[in-house]
Amino acid sequence: KPQLVASNDRFCRFLEEHCPVVTETYYPTIWCWEGRVQTLLRPFITSRPQVEYRNELIKTADGGQISLDWFDNNDSLYYPDASTRPTVLLLPGLTGTSKESYILHMIHQSETLGYRCVVFNNRGIAGEELLTPRTYCAANTEDLEAVIHHVHDLHPSAPFMAAGVSMGGMLLLNYLGKTGRDTPLMAAAIFSAGWNVFESVESLEKPLNWLLFNYYLTTCLQSSISRHRQMLEKLFDMDLVMKARTVREFDKQFTSVMFGYRTIDDYYEDASPCRKLKSVGIPVLCLNSVDDVFSPGHAIPVETAKQNANVALVLTSCGGHIGFLEGIWPRKCTYMDRVFKQFVQAMFEHGNKIFSV
């Protein structure tokens with residue numbers, strides 16, 4: 001069974017009643033039980049539900065633009081009135097977009113419940129042009145704040161929550177730690193977040209993990225900015241950036257410089273959600289596997305979570321990073337998908353029971 005960590009008995013009882021999946025035994029797919037195998041295979045094994053998006057480009061205060069992909073769910077039987085249709089904002093991982101299989105599955109789950117979804121694509125990675133020499137990072141929440149207020153202004157009467165995966169979860173947690181209760185969001189779900197960036201990069205620099213994940217992720221980061229090289233060369237030595245062989249080297253030469261940090265350690269400290277968890281002011285459910293090499297089990301802030309009545313952690317012993325495969329042939333629903341579906345439904349339909357936490 002997963003370990004449920006929550007200091008608030010009322011929140012615990014709420015989850016046990018309305019989100020029972022967090023107390024059920026999780027049986028990982030028997031032939032890919034190890035965390036790294038789960039992490040590697042999920043993108044290839046899981047299906048990719050068909051989703052028709054409506055794209056919207058919004059302008060930012062600094063002259064940039066952000067690409068939002070909407071799934072309006074106008075055929076919703078449960079919520080035919082678009083003005084009050086519950087809305088879920090989805091935040092993909094580090095180089096992810098609205099096309100990731102885990103995002104498509106979240107939208108599929110939301111569709112069956114009648115909800116609307118909008119995917120926040122970080123600057124420059126969803127096919128849109130960079131209008132300024134700026135991309136994104138886990139610590140800077142300005143773009144996310146702009147998107148949250150934009151969506152809320154469009155549908156002020158609609159219940160509104162968010163779900164973030166991997167770096168998207170880190171960004172969402174950093175935003176919630178900054179805003180406390182002062183947010184239009186009623187709740188949030190976080191999946192496979194890296195809690196302590198120092199521990200994450202150290203884990204990813206171990207020889208096997210570097211071979212399986214770190215080098216590939218670094219090349220993905222480089223690929224995501226190479227299309228914008230002409231714009232970025234105004235501020236960066238792009239030849240040096242493209243020579244990076246680890247995520248840490250990329251962040252040292254590019255990310256930390258872009259966002260004005262004196263050192264990479266300053267950036268990593270600011271980007272680590274574990275340092276802001278105590279300030280989260282709305283109900284948040286966080287799912288992690290302790291065998292996730294991107295977020296090692298010993299770095300999960302269990303004791304800090306116990307000090308905030310708004311926070312619940314669900315920790316599985318297996319599942320890897322955005323894996324959580326289950327069943328003999330895990331093509332469709334994963335444990336993570338079931339946690340997402342039950343939690344958003346619980347919050348939208350019964351959340352008033354715990355708003356006083």
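**The annotated site and its surroundings**

Setting aside neighbours within four places in sequence, His-321 is in contact with Gly-35, Thr-39, Ser-166, Ser-192, Asp-292 and Phe-294, where contact stands for heavy atoms within 4.5 Å. This is a predicted model, so to speak of local features a pLDDT of at least 70 is needed, side-chain atom pairs count only at pLDDT 80 or more, and totals for chains, interfaces and linings use all residues. Residues are numbered from 1 along each chain as its sequence is written, and side-chain values use heavy atoms, with hydrogens and water left out.

His-321 sits in the loop between strand E9 (311-316) and helix H13 (335-350); helices (H or I, at least four residues) and strands (E, at least two) are DSSP runs, numbered from the N terminus. With a relative accessible area of 7%, His-321 is buried, a label that means under 20% relative accessible area, with exposed being over 50% and partly exposed in between (1.4 Å probe, protein chains only). UniProt, in an unreviewed entry, puts the feature "active site" at Ser-166, Asp-292 and His-321. These three are spread over 156 residues of sequence yet cluster in space, the largest C-alpha distance being 10.8 Å. From this set, Ser-166 and His-321 belong to the lining of the largest pocket. UniProt positions are in the numbering used here, feature names are shortened, and annotations may be inferred rather than shown by experiment.

Asp-292 comes in the loop between strand E8 (284-289) and helix H12 (302-305). Why does Asp-292 count as buried? Because its relative accessibility is 2%, and the cut-off for buried is under 20%. Beyond four places in sequence, Asp-292 is in contact with Ser-192, Gly-320 and His-321. Its side chain also reaches the backbone nitrogen of Phe-294 at 2.8 Å; a polar contact is a pair of N or O atoms within 3.5 Å, where within protein one must be able to donate a hydrogen and the other to accept it, and residues adjacent in sequence count only if both atoms are side-chain atoms.

Ser-166 is placed in the loop between strand E6 (160-165) and H5. It is buried too, at a relative accessible area of 11%. The phi of Ser-166 is near 55°, a positive value in a residue other than glycine. Phe-324 likewise has a phi near 55°, positive in a residue other than glycine. Phe-324 lies in the loop between E9 and H13 and, at 0% relative accessibility, counts as buried.

Now for the open space. The largest pocket has a volume of about 1,200 Å³. It is lined by 46 residues, and the closest to its centre are Leu-94, Thr-95, Leu-217, Phe-294 and His-321. On a 1 Å grid over the protein atoms alone, a pocket is an open set of points with protein on both sides within 12 Å along at least five of seven lines, a cavity is a set where a 1.4 Å probe fits but cannot get out, and lining residues have an atom within 4 Å of a point. Grid points are joined across faces, edges and corners, and a volume is the space filled by probe spheres set on the points. Several helices each supply at least two residues of the pocket lining, among them H2 (35-45), H3 (101-113) and H5 (167-179). H7 gives the most, with eight residues. The lining divides into 29 nonpolar, 13 polar and four charged residues (Ala, Val, Leu, Ile, Met, Phe, Trp, Tyr, Cys and Pro count as nonpolar, Asp, Glu, Lys and Arg as charged, and the others, Gly among them, as polar).

Arg-134 is found in the loop between strand E5 (116-121) and H4, and is buried with a relative accessible area of 14%. Its side chain makes polar contacts with the side chain of Asn-140 (3.0 Å) and with that of Glu-142 (3.1 Å).
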